[in-house]
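Q: I have a new structure to look at and would like a quick tour. Can we start with the strands?

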Amino acid sequence: MLKFDAEYDVVTAGLGTAGAIAALVAGEAGLSVCGVERLNICGGTATAGGVHSYYYGLDGGRFEEVDRMAREWEKDFTESREFHYDAKGIALEQSLLAAGVEILYESTVVEVHRGGDGKSVRGVTVNTPAGLRRLGCRVLIDATGDGEVCAAAGAAFRLGRPSDGKCQPYSSIRVIRHGDTARCINFDAGYVKCNDAADMTRAIIHSNALHAAEKSDLYFITRLPGLREGRLIDCEECLTAENLLLSGRATPNKILAYGYANFDSHSQDWALTEQVNRDLVVVSSLWGKLFLVPITLEMLLVKGFDNLLVVGRALSVDHMTASLLRMQPCMQKSAEIAARAAIHSLRKGIPLRTVNREKLAAELLESGCLNTILPDCSFAADEAELRAMMGSDKPGEAIFLTGRNLSRYRPFLLELLESGDPCAVPHSALALGLGGDTAG
């Protein structure tokens, strides 16, 4: 029988954007926690990745206090836009240590040990600077970003877009001096296979070399490539773009937090993306349209396992929806959900799947992780408003809504098609064509 060098309630693989928050919340609840991190700093994209401000995403949750600490300490660093990357790394590390979390830096999970029933994880083998260590755990949280631990455990996953398997393009970031502040500059550097070590190395060398020609006061080139999508793990629920955009209710399960972003796939070849993506971004020109993305516990519960959770950018969604969940606040919220679910499960001695969703939601409301005041991301549906949009230079929402609901809006579109209006005619033709109507 396999013997472990140490036993924990929770092992978190990865202490990046999501993993550090998962470990912190679990540790502060009194659970014994070990965090395994391949770098020598916590925080992932927000620290080693140099992305020190939030593009979109909703506020609220345990990460807010960490950010407040980082902002307090900023006077000791170069100023930055929202929080200093090194200050946040230190704030996370000190918070984790204060919560009793054991941190294993420069360490990687190399093997996942399953129970005899095949449905549970008993522990992991970790390659550390001091050699191999076997860690037992009651709950394992995959926060690697690429779903590496889930894949090693044998969980099913999706990778990339259906047409050719390519994930969202990765970015490369340099941090420069800009006046008296630090500023991160990024660009799309191409495609990379997140599950291929040689290709990852190629991508890092290639993208970092592109920064060398820039004339600026360079602080550093980030150690992490800016991956926007990794393996998408097969969980109890998979949120698809079709459901999110076209159904009245995107999920039947209890919503525990929200992502908030635009469908910014950074695609360099939109013709090869999914049909709904082409309809939205190309035909309707809605690259900047913002959406709310519900996050449920079912999206974190890895299918076929009783005690394995996934957080961060490897959540159970389709390729298109993955671009909506790339924001740091969203990843941090998913981590808090996972940690609080683990706390309920271990304290009560019940399976993760049976955790009371209402009680979980109440806790997340109290912490601010589950937002009650939400931005309005709905599509305009009033005919007068749609008519005005069709006659303007911003018809995207009207084109998408009417073209995707042709049975309802066809008479309206045919009327506009015969109106002679120089804007409404081509816009209604686009909507009819989007719906497959030859009149367009």
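**Strands and overall build**

A: A hairpin joins strand 5 to strand 6 through two residues. Helices (H or I, at least four residues) and strands (E, at least two) are DSSP runs, numbered from the N terminus. This is a predicted model, where local features need pLDDT of at least 70, side-chain atom pairs count only at pLDDT 80 or more, and totals for chains, interfaces and linings use all residues. Residues are numbered from 1 along each chain as its sequence is written, and side-chain values use heavy atoms, with hydrogens and water left out.

Q: Do strands 5 and 6 run parallel or antiparallel?
A: Antiparallel, with six bridges between strand 5 (residues 121-128) and strand 6. Two strands pair if DSSP finds at least two bridges between them. Asn127 faces Leu132 of strand 6.

Q: And which way does strand 1 run against strand 6?
A: Parallel: seven bridges link strand 1 (residues 6-13) with strand 6 (residues 131-142). Val11 is opposite Leu140 there.

Q: What about strand 14 and strand 6, how many bridges?
A: Three, in the parallel sense, with strand 14 covering residues 308-310. Ile141 sits opposite Leu309 in that strand.

Q: Changing topic: how many helices and strands are in the protein?
A: The protein has 14 helices and 14 strands. Its radius of gyration is 23 Å, close to the 22 Å from the globule rule for 440 residues, so it is as compact as a globular protein of that length. That radius is taken over C-alpha atoms, and the rule is 2.2 Å times the number of residues to the power 0.38.
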